[in-house]
Amino acid sequence: MCRMTKEPTAAGDQRRSQLLRGVLDLCLLSLIADRPRYGYEFVEALDAGGLELVSEGSIYPLLARMERAGLVESYRAPSSAGGAPRKYYRLTGGGRAELAHGRAVWGDFTAQVGRVLSPQEKTGEPDDDRRPHNDHDDHDDR
Amino acid sequence: MTDDRTTTTTTTTTDERVLAICRANWEYRGIDDATVREMLAELAAHLEDAGAAGRGPREVVGDDVKAFAASWARARQPLRRRAARLAALVPAMVGLLMLFSHLLWRTTALPVTAGRLALIAAIAAVTVTVELRSGRLGLRKNWLVGAVVGLPVALVADRLAGDGPLFALPLWVTLLLIAPGAACAVVDARTRRRAERGVTVR
């Protein structure tokens, strides 16, 4: 009984993790578009949005790649929480364009996946108007 | 049971240990000094914040600290740049060891034996392997590695290949080996001073 309830959850977590990995760069860009942030603030914001990272530190290689690609830039500034200065990331013009493009792609993609995944009434037969017609088919139907 | 295991791993992998392993991995992967310090500061701050929120280092870097460090290093600097730095630093380390031998034997033409080469190779291999797993050994442990691993290997190599010199290494070659690494060290020191004066290093 326990197995039956645990396995789908684990599989679900794994799928969520994989899906998040695919769009984590866009999530980070979107969070910086809101305001400049430092590393831990990304994790907090993702957590607050219900997106929990398996390994929090995985944002750093991603941020480094985005910085090298010129999508974000960094600067050091005192943290609002106090303590040592933090490395903040902010969006560049290129990052803003990438975010806009990524949002459009994500919107289209989720709509398409949603259409495919949404439960539909299955009759067992394809719709008549979508079904390819030919003489052979007609003959068989008779 | 699972909780016990989690507690054990969390307590054995401290923030300091994670930082030490990352530092060693980044340095051995050819990341420059200023960038290593910047990455360490960023990671240290994150570990501290995560700790304050009740999350351990494993939740930050995952189960494999080395893989995490390697992934960040690859993302941070291109291989070409890291390889160029390593190409300067590795000969410099060999050169420094040779310079030490020049001074010890008070000669400008150091006889290089199979044992001497085996000594350097053995110490380097063990040191790098251990430091990549556990962080910096420190001077005392490095000497211990030299005595426990290097000397026996050198003796065996001398016994097998003979203790006759393979070639004589002139002092100028030794200095030439050190030069590129010394240039890197000077650049690192200048960058460090600039950073300490508050200039942002990117």
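Visitor: Which residues form one aromatic cluster?

Guide: Rings of Phe, Tyr and Trp (its six-membered ring) pair if their centres lie within 6.5 Å; planes under 30 degrees apart count as stacked, over 60 as edge-to-face and the rest as tilted. Here one aromatic cluster is formed by Tyr60(A), Trp26(B), Phe68(B) and Trp72(B). This is a predicted model, in which local features need pLDDT of at least 70 and side-chain atom pairs count only at pLDDT 80 or more, while totals for chains, interfaces and linings use all residues; side-chain values use heavy atoms, with hydrogens and water left out. Residues are numbered from 1 along each chain as its sequence is written, and chains are lettered from A and ligands numbered from 1 in the order in which they are written.

Visitor: How many aromatic pairs does the structure hold over all chains?

Guide: There are 7 aromatic pairs over all chains. In one of them, the ring centres of Trp106(A) and Phe109(A) are 6.1 Å apart and the planes stand at 35°, so the pair is tilted. Both residues lie in helix α4 of chain A, 3 residues apart, about one turn of the helix; helices (H or I, at least four residues) and strands (E, at least two) are DSSP runs, numbered from the N terminus. Another pair has the rings of Trp26(B) and Trp72(B) with centres 5.2 Å apart and planes at 85°, so this pair is edge-to-face. Trp26(B) in helix α2 (residues 15-28) and Trp72(B) in helix α5 (residues 65-76) of chain B are 46 residues apart, and the pair thus links distant parts of the chain.

Visitor: Are Trp26(B) and Trp72(B) buried or exposed?

Guide: Buried means under 20% relative accessible area, exposed over 50%, and partly exposed in between (1.4 Å probe, protein chains only). Trp26(B) and Trp72(B) are both buried. By contrast, Trp106(A) counts as partly exposed at 38% relative accessibility, and Phe109(A) is partly exposed at 44%.

Visitor: Where does the charged end of Arg86(A) sit?

Guide: A charge sits over a ring if NZ of Lys or CZ of Arg is within 6 Å of the ring centre and within 35 degrees of the ring normal. The charged end of Arg86(A) sits over the ring of Tyr38(A), 5.0 Å from the ring centre.

Visitor: How many salt bridges are found over all chains?

Guide: A salt bridge is a side-chain nitrogen of Lys or Arg within 4 Å of a carboxyl oxygen of Asp or Glu. By this rule, the whole structure has 15 salt bridges over all chains. One of them joins Glu73(A) to Arg90(A), with the closest N and O atoms 3.0 Å apart. Glu73(A) is in strand β2 (residues 72-77) and Arg90(A) in strand β3 of chain A, so the bridge ties together parts 17 residues apart in sequence. In chain B, the side chains of Asp33(B) and Arg192(B) meet at 2.9 Å, N to O. Here helix α3 (residues 33-52) provides Asp33(B) and helix α9 (residues 171-196) provides Arg192(B), 159 residues apart. Asp33(B) is buried, with a relative accessible area of 14%, whereas Arg192(B) counts as partly exposed at 32%.
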